[in-house]
Each structure stands twice: as structure tokens, then as C-alpha cells.
Amino acid sequence: MEKFWQDINVFTKNALPQSALPFPRNLQTEKENIISLNGEWDFIYFSSTKDLPENFFEVDFSSNFDKIQVPSNWQIKGYGIPQYTNLTYPKAIKTMGKIPYIHDEINPCGVYRKCFTIDNLDQEIRIRFGGINSCGYVYVNGNFVGYREDTFDYVEYDISDYCKIGENVLTVLVIQFSTGSYLEDQDMWRLSGIFRDVDLVFLNKKHFVDAFIQSVFDVNYTAVGLNATIKTNFMGCTVKLSLFDGEDLIAEKLVNSNRTADFFLGDLENIKLWSHEVPYLYTIRLELFDGDTLVDLRILKFGFRKVEIIREKEKQPYVALNGKKIKICGVNRHDFHPDYGHAVPREIIDSDLKLLKSNNITSVRTCHYPNSEYFYSKCDELGILVMCENNLETHGLAKRIPRNNKKWILHTNFRMANMVNAFKNHPSIIFWSLGNESGIGKAFEEMRKVAEEIDATRLIHYEPMHQVSDLVSEMYTVQTKMQKIADNKTIVHSRALWNNGVGYLLTSKAYKDKPFILCEYSHCMGNSLGNFADYWKDFEKNDRLVGGYIWDFADQSIKRVIDGKTQWTYGGDWGDTPNDGVFAFNGIVRADRSPNPALFEVKKLHERIKTTLDKKTFTVTNLRSFTDLSDVNLIVEKYVDGDFETSITKDLPTILAGESHTFTLPDEFFKGEGEIAITLHYCLNKETSYAGFGHEVANAQFVFGKWKKTRDKQNGEISVDNKNDLIVVNTIKGSYTFDKKSGGVSILDNNGKAITKSPIMPQFWRAMTNNDKYPPNNIADLCKLLNLDAYRKAMKRLKAVSVKGEFDDDCYEVEVKWSMPLITSLKTKYVVSKDGSLKAKMSLLPWRNLVRFGFEFATESNIKNIEFYGNGPHENYCDRKTSALLSKYKGEAEDFNHEYLYPQANGNHTNTRFLKLGEENGIEISMIKKPFEFSVSPYTTEMLDKSLHLHELEKSGYYTINVDGAQRGVGGDVPAMAMLKKPYKLPALKKYSFKVEINPFNKQ
């Protein structure tokens, strides 16, 4: 056996060219003429290619075979270990000195074996592998069939000459690392094996070879026809192309051809166009005749659509679909699942895409490799715009490969051609991407040529080289730079790790005719996605700013269950080195597809219905590109002080794409005392392919008036016991104990039952989010170097300098002065009134930017139910709260928290008027003048800070309450850095203060 995996000159042997044709059909039944080989295979794992027996491919080779499921990744099935790494290559891949070279002693491999039965040899027999990582040698009955690298593109071989009647033996040697692995340095779990479908494909000896079908539009963007180039494998054939709308034949044509048949079907009328809003698909039937005999039949779906960049004088350029400008409401999605690795079942692909679509995400970048053909077919069906990305990333070696190296260019051109040839008939694909984070050089000029020679109907994307890209693309451009780009100013472009963060100067002339897209932005690592609303303000007002792809869809975690306990693992948890730790967790959903709070923000900002209010006149604007709003009902609700009062269903006229409609509501919606919130819900009025009747696609809320706390007029006497180390103030509602040593305040209800488990104390620290850690790996060293946890350390030195109490008229006041590093003039003042309430005020002057300022205490475990009037129901922060509506919410405390797979601060709620803790006994905290922020957690701040995995957290048995005057934002413009904007910071050298009122209660 030749060591092709070590040879840069060999990346394919005997593999058939890629084709965009679907599987052939049985000419009698019209079912796909294939046999799936998915299922249980024999398998042997070797930790090194040096351990591989020489005769492994022979039919009589015998060994202690295990069993393994195909498709799967062998690491997921317990062989070897999974490795999560970003730009650093695995150790088996040499990166210093002369490359390429694979260290065979640490290069695992696996031998797969499967038997299949052939009844006759009258047809051509092929074997098709949807994906092999990283390379595969294929043998049939002991005969070498072929070899291929390029993990994420399918590979097909003709095995007719090697098959026999009866039982046949298929052997596949899969090697974990090859020269092709140099081009596959994607930020993901490195997994191996046969991970996509395996099929036997049966064709008549005379058959179709390929097909490329293109829409034809007139100047008015009306689809008037289609062009098709159909290739066959024999001379003197006849090709029939039929176009169907459902069961109705629209047009058909026969062409006599010598191998290639060129079609034009023109004068088509009333053709419905394909878009992400209306994914209308036609059926094309291709029939191949040898004389009068039908010898091949293919059936495929086709959508009429046109994508282009429109440039108008004195206006910003934009991306247009069917002549209409569009915004990319997108997300990057790895083809990955915690239970299956890269062997993602079809039902998961279905549910993933429906989840995206139902949350107003209408575009996917296939980071950073092609997906299975099924994925694109589903995007065609559901209406998902796709940036289809080449299987290319050389992040850790981007300064060296592929660059201008002719040998690497052969590899990259091969991969580009594979992708474009395989998927060129899918209407959902509007961008071809040359790859990701692979430097610059002639290779990318050549790849563009390859793509255009095959298909010139789509836009070409590549982030580091604007010269080869139809769009200017960038990743993690800070939001404050957006308007500068929209205005076509000279910018520094493509700062990245692979080029030492330097980038290059991009003049206004160089991109004046190009739209701008963020191929990665809003890095959603843990508690993140701050500033997202600010990005979308820029996108909506600037045509040049097309939108972008959030990084990323789902936390990349491999699920592990030990002793019945689920562990959500990340880099290093499997003993994998090198690794990039928790950088695997960047999802707007968790690994199991349950939502992270960021998902709600994404859905809100991506919505295509905008509502504004001027006095009492509402304006509804349809931001869609193609469809009216006849598919939605408008439900308008009125709330007073958070309580529902009334609602109506409002009939909307036909509001066409891009148009607006104004309406008013009855006067009673605006009348009433207290705080009025008018909330509008736009909900589907019929079931769709991705969501059911009543699913909300957009909302809006408008708030008037002021909330005022309802006063308890019952007054009583105040008694004070001020001696030794405690000041105890007794009231009609309970008692407050002030500790003169600690400065803390404890509360008992009027039955003497403790409400606080630990006293109310100042708090200026939150459990570090991923963005707070800057970046998360090697945190101890970085924290020490950058003093990132300065307030955590400062809190350990918080001391009460003086605690003094005295009567003031009918109230009793206690003032606590504090000493603490980083903060001066820190005081808390507590006023106990005759009605039993406690007014708590904090004032301070920080010398370093604050994380938060407020109070923290704990309540007993029986106080598990909460009610609040503020922004919710999901977690929200000052820079990520657009989606959180003002209302009253009620439930168990855990309902309003969020358990990130990597523990960190969570569960905050902004704009809160009151918070009620407990039902039978507890306390109610109310705003004074300004709303506050709060969280209620079954974990302490220290527990969240120390835990490295969700499964390590054990509930404390009580609840930690944080009540804040303010908390800084969570950020997320740049990976693992908060990059907070000024409005979301709590700057130093500024005086801060806030007040709340606390009322204990006990239901008799």
C-alpha cells in the first residue's frame, strides 16, 4: 500500500468527478436506485498507521473486529479521543520546518468492513461516501478501488469491475491525518471516520453524467425561461427535459445530442420565483433515451431566482435577490451535534433549520466546509439563504499555505471544484465562499476562476482578500466601525490572528462598488451578544451593510454521561492536547438546542416587521423583500402596571413588501392611571413548514406613564435595641438587625422567622463571564497580569468603618460607612419607617470602572417563588435587552435564570419596578425613582466563579439575591472580549447612587 496520506502530490485516485445530479431512478418504480450501506460495520482501530497489518484489505483477513455504526465518528464511539482545537494543529501534523509531514507514530487509523450482495452485473455499480475524515482507501473484494482526501465533500467510485454475483466484501481504511489535514484547520472538534451516508448506486451503462440548470430573467426581473447543460456518457443520445409545477406540466423539450445537450426553455409565463420568503420549487424531470429506450431518469427540484449586486449612482451598493435588496439575517452553523459529532442525522438537520427559521434566522454560512446534499435540499425547501463554504482553513499556517504554492493550489482548486460542481443546482446557495482564515495569495485568485468557470451566477466571498471577493467581508468588526464602512471611508481591513492582528489599509476607492458583509460577528461566547441591537440599527439604515453571520449556532460540546450525570465537555476534558478549552461554546443555543438568552435577542432584531408610534398613531412597516403581511394577525394588548387589562385583534390591510400602514387604537388603550404598556404581537395565521399557527414573528411595545408603588397605610411603632455589636429595629412587619462589625443587615418577618439567610451587603463583583475573562484560557495568569478580577479581590477587603443609628422624626436611620480598595465615599444608608419598610440607599465613587454596584444577600430555601415587574421573562442586560418586554412575571426562581454550559454570571433582569420573593413569607423590593436590576440564583457568586463545568455545580440549598443600581454590559463584538461601548460601561471617577425599598411580609 502506498502512503498517499504523506504525499502532497496525491489527494485523489480513481474518484469520479463531482456531479450535481440526484441519484438515478429505477425506471419501473421511479424510486432512487440505491442501496444504503448505513448500519453496523466491522471495525478495527489502530492507534498508529505503523500498527496496520499489511494484508488488512484481503478478503480472508481475519482479526478481532469490533462493531461500529456507520455513519459515525469513531471518537464518539469510544475509539481514540476527540480533540477540540482552533488554530493550533494536532501534534501528528508537523508545522515547523519542511511540510507537509504526518507523524505516523501518532496517526491513528481504522479499518472498516461491510459485506453486500449483488444480484446481477448488468448495471454500472458505484459506491458513494458522503464524508470520510480525513482520507479513505477503498477496496472491493481485496482490490484497490481508489483514494481520496477532502473530508467534507462526497466521493464516488465505479466498482463495477470489482464486484461479483453474490456476496462482496467492501473494506475501507480511514486514516485520521493526511496532507489534506493541513487544509482543514477549522475551529471545531477534530473527529475521524466514515461520518456521512454510504450508498451503492446502480446505473444503466448509458447514463447522465451531470446537469447544470440556470434561470433566465428579463430586465423586469420576471423569470422567462431556463438554460440547462446536460452531460451524458454516450454519443447519439436523446435528452428530454420536463418542467413541472406540482403535477402540472409547464414545458418540455427533447434534444438530440452527442454527450452534451444544451437546453433553452423560453417564453415561460407566470413563473413563481424562489426566495427565502417564498421558497417556491418546481420539479425537473430528466429522461435519457438510447433510440426509443429510456435508459436513465433523474428528478430534481429547481427554483427560479437571481442574485446580484446592484450599484446605482450616488447610492450605496447592495445585494439583491430577484432585483430586491435583502439583508442577511444569518448564523454560522457547524454540522455537529453533541450525540453524533459530525454524523448529524437528517432529523437533526430538519429540526435545526426549522429552529433557525422560526427565530427569524434566514441565512446560514456552512462554516467552514460543505454540508451534506440533504442540508441544501432542506434549505431549498424551507427558504434558507446559504453561503456555501469551501473545505479550506489553514488558520495556524496561513502565512505559509496555500499562498502561491502550486502544489497546494492543486489541492484547493480541487476542493473548490468539488463543492461547486456538487451543489450548483440549489437555489438556496447565493454565495460561494473560497474558504476561511487561510491567508492570501494566488491560490484564491485561482479558486475564484475555478468557481466562475463552472458557475458564474453567484457571488464569490472570501474575507481576507477583497480583490477576489464580490463583497467586502470582515469578521468581528466592532460595531462603532459600521457607519464608517457604510460611508465608504478608508479602513484597516482583516485584522486577524493569522496576520498578527495587523490587517491592511483598504481605501474607499477599493470598495466603493462593493457591499459589506460580516462573515462572523457578535461572538456569542457564554453570556454575550451585547451591542446586537446597535449593529442592526446600522444595517437597517445603510444599504451597503448587508448584515452578517453570528458566531455561532450551537455550543460545540460532546455529551458524556458518567454515573447517570450529564457532562457537557469542551477542549481538554478528554485529555486532548493541544486544545482551546471553552472556546467551543459560542452558541445562540446550547449544545442540546435549548435556547441561550441571546437567541431571543436575535429573533427580535431579525424581525421583518417594524412598528413605530407618533402620539396615538401606529405605523407598521413591512421590511420583507417579497411578501405582504397577509400571513400574520396583529394582536394588541394593554397592560397597566404590568397587569393585563384588555386586548383586540387588529385587522391589517394588505401591506406590500417595503410599504407601511398607519392605524389608531380606541382611546381607552391610552387612558388610565399608572404605567401603561401597549404590546403588539404579530403572529402567523396559518401553519407553515417551520412553525405552527399563532407563532409570533415580531412584536413591539410602547410604555407611557409612571409606576407607583401601592402604599400599605398600616403604621406601627418602632422599637430599637442598640447595644453591643447589634442594632435591632422592630417594626409591625418584622425586624431588621444591623451588625456593627460586618455592616450587614438581616431580616426576620413578624413571626420571628428568618427571611435572609445571609445579610444584605454591598456587592461590586459578578461571576466572570467568558468575555470578562479576556480570554478564557490560562485565566489565572491573565487575571494576575491584567488585574481583571480587581473587584473580586477588593471585595475581600470590604470593611464596615462605622455603623451608626439614630431616630429622625418617625423613622430610624442607620448609616454605614465602608472601606474598600478601588472605591471611595462608599456609604449605605437604611431608613426604617413606621409602616415597617426599609429604604436602602447606596452611594459611591469608584477609582476603576465598575462591574456592578448593588446589594447581595441570601434567602432561605422556602423562598423559591418570585414575582417581578420588569424586563423579561428571559435574562437581559443593558446591552442585550431589546427582546425583553416590560411586564409582570411569576414563577420559580430557576425559571428566570439560565444555566450556561460553562458556569458564569447569569439571570439578570433590567428595568425592574419591583421584585417579590416568596409567597407565605418573604420580602418585596421596590424601586425608588429609578428601576433597578436583579437576579435570583440557586448558586452563589463564588460557586459560579469557581466551577468550570455545569455538572460541577450543586445547588446551595438557598437563593442568592442581587439587587443592583446597574451592571455593566456583556459585550461580544470581538471573541472573548467584552469591547463594551460607552453607554454600557460604568466608568470610574463618577458618583453613583441608587435606592430601593424593602418590605417583609408574612401571610397569616
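**Notebook: strands, cores and a helix pair**

I began with strand E43 and found that E43 and strand E44 (residues 696–704) pair in the antiparallel sense over eight bridges. I note at the outset that the model is predicted.

**Entry on E43 and its partners**

I then turned to strand E40 (residues 632–640), which is joined to E43 by nine bridges and runs antiparallel to E43. Here Glu-637 has Thr-679 of E43 as its bridge partner.

Next I asked how many residues of E43 are buried. The strand, residues 676–684, is mostly covered, with nine of its nine residues buried. I recorded the two directions as well. Ile-676, Ile-678, Leu-680, Tyr-682 and Leu-684 point one way, while Ala-677, Thr-679, His-681 and Cys-683 point the other way, and all are buried. I recalled the general rule that side chains in a regular strand alternate between the two faces of the sheet.

**Entry on the sheet E16-E17-E20**

I then looked up an open sheet of three strands, ordered E16-E17-E20, with antiparallel pairing. Which strands stand at the edges? Strand E16 (208–217) and strand E20 (260–265) do; each has a single partner strand, so one side of each is left without a neighbour in the sheet. On average, neighbouring strands of this sheet are turned by 10 degrees against each other, direction ignored.

I checked the pairing of strand E17 (residues 223–232) with E20: six bridges join these antiparallel strands. In this pair, Leu-226 stands opposite Leu-265 of E20.

**Entry on Ala-261**

Is Ala-261 buried or exposed? Its relative accessible area is 0%, so Ala-261 is buried, as the term applies to values under 20%. Leaving aside neighbours within four places in sequence, I listed the contacts of Ala-261 as Ala-228, Thr-229, Ile-230, Val-239 and Val-255. I also noted that Ala-261 and Thr-232 are 29 residues apart in sequence and 8.1 Å apart in space, C-alpha to C-alpha.

**Entry on the nonpolar cores**

I looked up the largest nonpolar core and found that it has 93 residues; Met-416, Trp-432, Phe-444 and Ile-588 have the most contacts inside it. Helix H3 (residues 406–423) gives the most to this core, namely eight residues. Beyond its neighbours within four places in sequence, Met-416 is in contact with Asn-390, Trp-432, Ser-433, Leu-434, Met-447, Val-450 and Ala-451. Another core lies apart from this one and has 64 residues, including Ile-747, Val-803, Phe-868 and Phe-896.

**Entry on His-461**

I located His-461 in strand E30 (residues 459–461). His-461 is buried, its relative accessible area being 0%. With neighbours within four places in sequence left aside, its contacts include Arg-365, Met-387, Glu-389, Trp-432, Ser-433 and Leu-434. The C-alpha atoms of His-461 and Asn-436 are separated by 9.7 Å, and the two residues are 25 residues apart along the chain.

**Entry on helices H1 and H2**

Finally I examined helix H1 (residues 346–358) and helix H2 (residues 373–382), whose axes come within 10 Å and cross at roughly 35 degrees. The crossing of H1 past H2 is right-handed. Which residues make the contact? From H1 I recorded Arg-346, Ile-349, Asp-350, Leu-353, Lys-354 and Lys-357, and from H2 Tyr-374, Phe-375, Lys-378, Cys-379 and Leu-382. By class, this contact has six nonpolar, no polar and five charged residues.

Terms used:
Residues are numbered from 1 along each chain as its sequence is written. This is a predicted model: local features need pLDDT of at least 70, side-chain atom pairs count only at pLDDT 80 or more; totals for chains, interfaces and linings use all residues. Side-chain values use heavy atoms; hydrogens and water are left out. Axes are lines fitted to C-alpha atoms, for helices over the stretch in contact, and angles run from 0 to 180 degrees between N-to-C directions. Helices (H or I, at least four residues) and strands (E, at least two) are DSSP runs, numbered from the N terminus. A crossing is left-handed if the near helix is turned anticlockwise from the far one by less than a right angle, and right-handed if clockwise. Contact means heavy atoms within 4.5 Å. Ala, Val, Leu, Ile, Met, Phe, Trp, Tyr, Cys and Pro count as nonpolar, Asp, Glu, Lys and Arg as charged, and the others, Gly among them, as polar. Buried means under 20% relative accessible area, exposed over 50%, partly exposed in between (1.4 Å probe, protein chains only). Two strands pair if DSSP finds at least two bridges between them. A nonpolar core is a set of buried Ala, Val, Leu, Ile, Met, Phe, Trp, Tyr and Cys residues joined through side-chain atoms within 4.5 Å.
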